[in-house]
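Welcome! Here is a short tour of one protein model, taken a piece at a time. Have a look at the structure first, then read on.

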Amino acid sequence: MTGKPSKTFLADWLRKYMPTREGMARNKYLAPIAHRFLTPELWRFTRRSVPRGVALGLFAAFIVPVGQIFLAAFLALPARANVPVAALVTFVTNPFTLPFWLLVANKVGRFVLKVDAVTVGFANDELASGRWAFAIDAFQVAGVTAFGFVVLSVVSAAFGYVLSSVVWRMIVARKRARRLRQMEIRLDQRLGTREG
């Protein structure tokens, strides 16, 4: 970790684990577009770039099983989103959480598609009763799960954008209120010393 420690644990943790601008620019997979990652605008924490980064990171995390960080970074370029936030948010899906997300995606896919024996039809029942039953069941489960991941990617991106925007505004409002309080205290102290 470089530089002086900040006032919060979260800022120190982010600084330690977030990819650096230079590190992403040196990455061999990003070589063709590495020069674009050096744009300072993509590394600033602003009220617009952070929610965009969260949304793109969540979208990439659920839509692609491998290489989410690169997809999130690539999508952040034209969207002018915060690249480190987009890359960091993709870790919501990782090898440890993948079984959980597979189950959730399957449940979401089943709920949205309403796949059940009544809607499948007679022809599918005929195929399922033969030697292809296992293959058809596996294909159905995989399809439903893949569709569930698509739904999760879109819904989580929208929810993440709204939630991070609200949190950002709350943090800024709290800092502004704290600054105003400190200014009032200083002003009262100055006026008190002048009157005394």
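## The second largest pocket

Helix α3 gives the most to the lining of the second largest pocket, supplying 3 residues. Please keep in mind that you are looking at a predicted model. Both α3 and α6, which covers residues 98-113, supply at least two residues each to this lining.

In total, 14 residues line the second largest pocket, and those nearest its centre are Val-64, Pro-65, Gln-68, Thr-93 and Leu-98. By type, the lining has 10 nonpolar residues, 4 polar ones and no charged ones. The space inside comes to about 230 Å³.

## Where α3 meets α4

Let us stay with α3 and turn to its partner. Helix α3 spans residues 49-63 and helix α4 spans residues 68-79; the two pack at an angle of about 140 degrees, and their axes are 9 Å apart. Their crossing is right-handed.

On the α3 side, the contact is made by Arg-52, Leu-56, Gly-57, Phe-59, Ala-60, Ala-61 and Ile-63. On the α4 side, Gln-68, Leu-71, Ala-72, Leu-75, Ala-76 and Ala-79 take part. The residues of this contact comprise 10 nonpolar, 2 polar and 1 charged.

## Annotated spans

An unreviewed UniProt entry lists residues 54-77, 83-104 and 146-171 under "transmembrane region". How far apart are the end C-alpha atoms of residues 54-77? They are 14 Å apart, and the chain there is 83% helix and 0% strand. For residues 146-171, the end C-alpha atoms lie 36 Å apart, with the span being 100% helix and 0% strand.

Definitions and conventions: Residues are numbered from 1 along each chain as its sequence is written. This is a predicted model: local features need pLDDT of at least 70, side-chain atom pairs count only at pLDDT 80 or more; totals for chains, interfaces and linings use all residues. Side-chain values use heavy atoms; hydrogens and water are left out. Axes are lines fitted to C-alpha atoms, for helices over the stretch in contact, and angles run from 0 to 180 degrees between N-to-C directions. Helices (H or I, at least four residues) and strands (E, at least two) are DSSP runs, numbered from the N terminus. A crossing is left-handed if the near helix is turned anticlockwise from the far one by less than a right angle, and right-handed if clockwise. Contact means heavy atoms within 4.5 Å. Ala, Val, Leu, Ile, Met, Phe, Trp, Tyr, Cys and Pro count as nonpolar, Asp, Glu, Lys and Arg as charged, and the others, Gly among them, as polar. UniProt positions are given in the numbering used here, feature names are shortened, and annotations may be inferred rather than shown by experiment. On a 1 Å grid over the protein atoms alone, a cavity is a set of points where a 1.4 Å probe fits but cannot get out, and a pocket is an open set with protein on both sides within 12 Å along at least five of seven lines; lining residues have an atom within 4 Å of a point. Grid points are joined across faces, edges and corners, and a volume is the space filled by probe spheres set on the points.
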